[in-house]
Amino acid sequence: MSLKLEELTVGQEIGSSSIEVTRQDLVRYAGASGDFNPIHWNEAFATGVELPGVIAHGMFTMGAAVQLVSDWAGDPAAVVDYQTRFTKPVLVADTTGTGEPGAVIEVAGVVGALDAEARTARIDLTVTCAGQKVLMKSQAVVKLA
């Protein structure tokens, strides 16, 4: 899909997604990223350092959220900037063997701003888990045709 600046308006929704997360996803992400901090897989360790339980890697959450923008743009290379602030951890319950997710991250995106000169759109993401915002000021800039 080739997005055209002239076809977009500020406030326009780009879609939404629900991302199911399991402890197994966190272990796979740890292997891919090299981040084996036990707060991301070991319940006893996580609670021992005063967390409410195992939490998802911040970069896992950030990457999962921006997938909505990449899919909408039709080309991951069209996303030329992405920034966010981490506000709450994503708590991932141990649901091993149940087939249920340990957490569900909800993502919704809207066109927040258009720059005609640069031919870009800023996409503002709302990212929540269990009814709480887990990322704030989550914004991606997309280069348009």
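View 1. Helices (H or I, at least four residues) and strands (E, at least two) are DSSP runs, numbered from the N terminus. UniProt, in an unreviewed entry, gives residues 10–97 the feature "domain: MaoC-like". UniProt positions follow the numbering used here, feature names are shortened, and annotations may be inferred rather than shown by experiment.

A word on the ground rules: residues are numbered from 1 along each chain as its sequence is written. Since the model is predicted, local features need pLDDT of at least 70 and side-chain atom pairs count only at pLDDT 80 or more, while totals for chains, interfaces and linings use all residues; side-chain values use heavy atoms, with hydrogens and water left out.

**View 2. The whole protein, helices and strands.** Count along and you'll find 3 helices and 5 strands, in the pattern β-α-α-α-β-β-β-β. The C-alpha atoms fill a box of roughly 55 × 30 × 25 Å, taken along the principal axes. Of the 145 residues, 40% count as buried (buried means under 20% relative accessible area, exposed over 50%, partly exposed in between, using a 1.4 Å probe and protein chains only).

**View 3. The open sheet.** Its 5 strands line up as β1-β3-β4-β5-β2, with antiparallel pairing; two strands pair if DSSP finds at least two bridges between them. β1 (13–21) and β2 (79–86) are at the edges with a single partner strand each, so one side of each has no neighbour in the sheet. Neighbouring strands are turned by 20 degrees against each other on average, direction ignored. Look at β3 (residues 103–115) and β4 (residues 120–129): 10 bridges join these antiparallel strands, and V111 has I123 in β4 as its bridge partner.

**View 4. Helix α3 across the strands.** Helix α3 (residues 58–73) lies across β1, β2, β3, β4 and β5 (132–143), and runs at about 145 degrees to β2. Axes here are lines fitted to C-alpha atoms, for helices over the stretch in contact, and angles run from 0 to 180 degrees between N-to-C directions. Contact means heavy atoms within 4.5 Å.

**View 5. Y29 and F60, ring to ring.** Searching the whole structure turns up 1 aromatic pair. Y29 and F60 make this edge-to-face pair, with 5.5 Å centre to centre and 80 degrees between the planes. Y29 belongs to helix α1 (residues 23–33) and F60 to helix α3, 31 residues apart. Rings of Phe, Tyr and Trp (its six-membered ring) pair if their centres lie within 6.5 Å; planes under 30 degrees apart count as stacked, over 60 as edge-to-face and the rest as tilted. Y29 is partly exposed at 23% relative accessible area, whereas F60 is buried at 15%.

**View 6. D25 and its contacts.** D25 lies in helix α1 and counts as buried at 19% relative accessibility. A polar atom of the D25 side chain lies 2.9 Å from the backbone nitrogen of T22, and the D25 side chain makes a polar contact with the side chain of R28 (2.8 Å). A polar contact is a pair of N or O atoms within 3.5 Å; within protein, one must be able to donate a hydrogen and the other to accept it, and residues adjacent in sequence count only if both atoms are side-chain atoms. Leaving out residues up to four places away in sequence, D25 touches E20 and F60.
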